Each structure stands twice: as structure tokens, then as C-alpha cells.
Amino acid sequence: MDYNELLERAFSKASSLSKESQDFSIPEADVVPQGSKTIVRNLAKIADAARRVEDEISKYITKELAVPVSIEEHRLVISARVDQKALNDKIAKFFNIYVICKECKKPDTHYASTDRGFIVIVCEACGARYTVKHY
Ligand SMILES: [Zn+2]
């Protein structure tokens, strides 16, 4: 097992632990390859669960994968082949950093502002307010 596999294993362990500690579960992407592109068919569901607009998910995925991503009829169209696991890891990361409150671990958050390269996240469940780097 190489270093990357170890990292990946550690990461998937961490994300399954955080899934068990709360009743909220991070949605899985419904991914279909289409030629040289990859389509995520359930973008609306992911955005709903995150309580973010679809455009925010799209921006994040664009940045993380460094490829053009567009939205077509509530589907995410990624201009590259991405496997389902890689994409789900990105989505889990998005939820863990930008959606799930770092204090109370509930997903009841919104962005209070997205200025100057930072996002201010406010939790409606516990009132926490903190800043994370913008994607
Ligand atoms: Zn909270």
C-alpha cells in the first residue's frame, strides 16, 4: 500500500465516522459518464441537502477538479472523466468544510458573507460563526 492509498483510507474512515455521529448524511453523487464528460444527475438533491445554491456546488467542484463545470437543467456537467468515488470524496469534503458546523456538527448553516476570499459561515443550530477560506 502506498502513501496515497493510506491517505485515502484514513480519509474515508474519517468521513464514515462523522457520518455515524449525526443523523444527517451527506448525499452521494449520482454519476454517469457521457463521452469525455461526467454528469452528476442529482445536483438539485445535493444542493438541497447542503442548503446552498447549485452554483456554489458547481464553483467548488470546478476549483477542486481544475476543470470546467457547467450546470444544465439541474445537472452538473464536468468536462472530464471523473470516477464516482473521487467525486463523492469532493462532495464529502465540501459538506465537512462548508456545510456541517464545526462546533455542533449540524448541517444547519448558511454563508453570512463570501467577501475577500473568505466565507463567513453561520450556524442556525448553535449560533457559531466562523470564517473559512473561499474555494
Ligand atoms: Zn452549530
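**Exercise 1. Placing Phe 24**

In which loop does Phe 24 lie, and between which elements? State also whether Phe 24 is buried or exposed, or in between.

Solution. The model is a predicted one, in which local features need pLDDT of at least 70 and side-chain atom pairs count only at pLDDT 80 or more, while totals for chains, interfaces and linings use all residues. Residues are numbered from 1 along each chain as its sequence is written.

Step 1. Phe 24 sits in the loop that runs between α1 (3–20) and β1 (31–34). Helices (H or I, at least four residues) and strands (E, at least two) are DSSP runs, numbered from the N terminus.

Step 2. A residue is buried if 20 or more other C-beta atoms, placed from the backbone, lie within 10 Å of its own, exposed if 12 or fewer, and partly exposed in between. Phe 24 has 16 C-beta neighbours inside 10 Å and therefore counts as partly exposed.

Step 3. Ala 49 is 25 residues away from Phe 24 in sequence, and their C-alpha atoms are 9.0 Å apart in space.

**Exercise 2. The buried face of α2**

List the buried residues of α2 and explain why they line one face of the helix.

Solution. Step 1. Leu 43, Ile 46, Ala 47 and Ala 50 are the buried residues of α2.

Step 1. Viewed down the axis of α2, these buried residues fall within an arc of 95° (taken from the directions from the helix axis to the C-beta atoms), so they line one face of the helix. An α-helix has 3.6 residues a turn, so residues three or four places apart point the same way.

Step 2. The packing partners of the buried α2 residues are β2 (37–40), α3, β3 (69–72), β4 and α4. Just after α2, Arg 51 has a positive phi of about 55°.

**Exercise 3. The four-stranded sheet**

Give the strand order of the open sheet and describe the side chains along β4.

Solution. Step 1. The order is β1-β2-β4-β3, with antiparallel pairing; two strands pair if DSSP finds at least two bridges between them. The edge strands β1 and β3 each pair on one side only.

Step 1. Four bridges join β1 to β2, three join β2 to β4, and four join β3 to β4. Opposite residues include Gln 34 and Lys 37, Ile 39 and Val 77, and Val 69 and Ile 78.

Step 2. β3 and β4 form a hairpin with two residues between them, and Glu 73 in the turn has a positive phi of about 50°.

Conventions. Two residues are in contact if their C-beta atoms, placed from the backbone, lie within 7 Å.
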